[in-house]
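Hi everyone, thanks for coming along. Today I'd like to walk you through some charged side chains, so let's get the picture up on the screen.

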Amino acid sequence: MKITILSVLLASTAFAPAVAWGQASGGTGAPTNSGGVGSVPTGTGGQSSSPAGQSVDPSAGDTGAAQEEVEISGPGGTAPAEDIVVTGSRIPNVQRRSAEVVSVLSTADIARTGEGDIAGALSRVTGLSLVGNGFVYVRGLGDRYSSSLLNGSPLPSPEPLRRVVPLDIFPTNVTASAVVQKTYSVNYPAEFGGGVINLTTRAVPDESFLQIGGSLGADTVTTSELGYVYDGGTRDWTGYDSGVRDVPGFIKDAGLGGLSVDTPNVITLNNAQTSLLLQNNQLPANYSYEASFGTSIDIGSVRFGVIGTGGLSNGWRTRSIRQQVATDADANIDSDFQTGLTDNRALVNGLLGFGAEFGDNRIRFTNLYIHDTLKQGRLARGFTGNVGPIGADPAAVGNPNVGVQPFIDQATRWFERELIDTQLVGEFKFGDVSFDARGAYAKTRRDSPYERSFRYEYAGGQIRDYVNRLSGLSGAELDFSELDERLYTGQANLSWAVPFDTPFNLSAGYFYSDTERSSSRFDFRFFGRNRQALTDGSEQLRPDFLLSDFNVQQNGITLVNESTAQGSAAYDASLKIHAGYAQVDGEITTGLRAQVGIRYETAKQRVLPLGAFVGTRLDNDYFLPAVTITYNLADDMQVRGHLSKTIARPQFRELAPQLYQDFESDRLFFGNPLLVDSELYNAELRYEWFFARDQRFGASGFYKHIDNPVEAVAFFGGGDRLQTGFANAPEATLYGGEAELQRFVPLSGLGNDFLASRRLVLIANYTYTKSELKVGGELIPDVFQSSAQVRTIAANALFRDGAALTGQSEHLVNLQVGLEDPSKLSQATVLFTYASNRATNRGPVQSGIRLPDLIERPGIRLDFVMRQGIKLPYIDKQIDLKFEARNLTGTGYREFQTFENGAQVDNNRYRLGRIFSLGASITL
């Protein structure tokens, strides 16, 4: 973290109340300073890595010089003292030691991107793209085909729609390195499709430090612009509820028992603070604070260390979204709303780690806390299929010259996510024998209490105004969601460097994982006495007056339980995994290395919904082989070939027959309990050339065959609103290639004093991926399975043969062009990103006709990041400044369908602002 020289400005603006009745809570897109800014040197095995921005000039091409040692902790990560392939002496340490295809982000690499979170930094890695709210896709495959580890141990997700953790909740100041392994090795979990992302936290610092700082940012679409907010509680700006959203016991009892809530209990519910949506004409700026510290001490031959980080960020994002739905093949618009969404996101994070190093041995005790809250206000206006546009009403309330829409929708939401993770890792070396063991306990929760929604309909005649009669086409709903998950994992790995004439290593290990989840969603709808419509004039009241104590009592308003109208009110889920693996890794002949392993993994997965709903019981075991051959063409050049089999299990959320509101897409999701495991067969061939220190060129081709891939499928739920479900396609293939280049060009020969010590940085990568579904007339479980009756559908009725996998972009391009001074902190980088169109959902089936897929257009983004160190006189300290300009192209978001007649329907379309931020930090 860092202390900001903008603290006075932050205090006067960022903490100012959004409206007179309360303060603001954090929002999506809050900028945070990269932990790489003035980052702290850390060590691995007694060797220190270079501080960001302090590297040695590599332009001389001395690749034999000592290379930066990147701190990495992973399963089976205690490498033998000598590298297996001894001829690749000019290949960087990480790539030389690993038999697999890996991409590594060191502290310096992360700092160069200027990103405030790991998700953003990883989006610059070859073949990786960032989708939605911090989810990283590897080679266009969805997050379900990737896994995230922390210090080699799995993490549960606080986001119930996903199996992996949204990586935008990991600030870069927590992370020492990020390794993306794209080819499978048996020491990693079997759920490995596109790759595994292993984050390593800092352990023992080489020297004591204290770093404090902050940043202030603005979004051209949001900051000082109109947004929709609501009161909530006095602590909402921190992301913690002050008690106004406490869920009464009678709500839980009614939800589980299928009971309604009577009038006296309705009166006790919180009302105005969670019901009244307000207009804020000047939303505040985004801001963040950070702090980190570390120290170490030598006692005899043992070095002990402690390191801690903490941060708070708060930011805002407003989206004005066009949301259309067409329910026939002629693209006739059946629903059309203009929706305003304001997200206010608060992120609190902290890490406390203790470490000990003695010789080649290391013990690491890490404790991570992340609390991520999104407070959302929603206001929409439009029409649906059963009530179309009304047109102009000369006597309409407001502006009579504007066409009157039949409905106004309002919603207030609170999504609170929390992750607590405790890990103990030991990595030991005893001569030729290495042993590492790691155990972890993680707890995650997601609470969404008091999800309120109101629909007002326009009434003509004598009223000529919007009314809510709590009946018919208008109404009010109140939902409560809660999810808790616990994860216990343990792993041990034993390696023996066999004393042969040529390097040869044997390793074996065991892995255990136990995940337990409980989830509930209680849906209630408000009705007047005996379910009669309100007609006493109260139907014209605003939401908080409509549900005031007086009006509830006067009209006998009750809450009717609709929790099982679509799916189960609650479910319990579990996943227990046992695995054993063995691996040999050795030099067959000079320059030729082979790694061969096999993993046996057995798993029992259960989803048990409440009531008479379809459940899931999967009990599978697999033998999963992996073979990688590496050949060193020269000291700085190698070729790798790889074959393996892996799996992808359906996620709990994909299996659970329960509704879930996704705040990013503003869409409801529903699980399919009849999904089965996906099996993947992987092949890859890669060429790497490290032609100078820290400079490289790489190219690879890859192929995957997937049996039973899980696809997101759109369907029409209640009314004409699009929802997302899941189904197994019969099979799919994926193939493609990628190329990357990292080059430094010294500028000392240009005769300019300013450029004499600087160099040009060129980093480029491109990934081409082509995927195709293979479907016929096979019967598969339908996308919607809510009752005990199993429904099937022909695969080619749900999927189009030859369609690309959902989430997969055919083209991914990342380009970084920068100017930096290797001798001090001085960097300016332009970052260009392009991702081609990708499907978000398979098109819904309506009256036996499959409608077009929903397509997302990521487009082009251009960012600029500048980092500069400024020496302070007298105190011999340096302030590190960072300026960011994001999305300079102003690229917006668009999700659409294209019909055969050429018509296009915008399912979700909105502007995205240009984001500017300035941060400062100082290390004491």
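**Salt bridges, buried and otherwise**

Let's begin with Asp-409, which has a relative accessibility of 9% and so counts as buried, since the cut-off for that is under 20%. Please keep in mind that what you see is a predicted model.

Who is the partner of Asp-409? Its side chain meets that of Arg-455 in a salt bridge, with 2.7 Å from N to O. This pair ties together distant parts of the chain: Asp-409 sits in strand E17, residues 407-430, while Arg-455 belongs to strand E18, residues 433-459, and the two are 46 residues apart. Arg-455 itself is partly exposed, at a relative accessible area of 24%.

Now please look at Asp-523 and Arg-521. They form a salt bridge too, and their closest N and O atoms are 3.1 Å apart. Buried or exposed, what about Asp-523? Buried, at 11% relative accessibility. Arg-521 is buried as well, with a relative accessible area of 6%.

On to Glu-601 and Arg-599: their side chains meet in a salt bridge, at 2.8 Å from N to O. Here, both residues, Glu-601 and Arg-599, are buried.

So far I have shown you pairs, but there is also a network to find. Which residues does it link by salt bridges? They are Lys-182, Arg-640, Arg-686, Glu-688, Arg-696, Glu-738 and Glu-740.

And how many salt bridges does the count come to? The answer is 52.

Technical notes. Residues numbered from 1 in each chain as written. Predicted model: local features only at pLDDT ≥ 70, side-chain atom pairs only at ≥ 80, totals over all residues. Heavy atoms only, no water. Salt bridge = Lys/Arg side-chain N within 4 Å of Asp/Glu carboxyl O. Helix = DSSP H or I, 4+ residues; strand = E, 2+ residues; numbered from the N terminus. Buried < 20%, exposed > 50% of the residue type's maximum accessible area, 1.4 Å probe, protein only.
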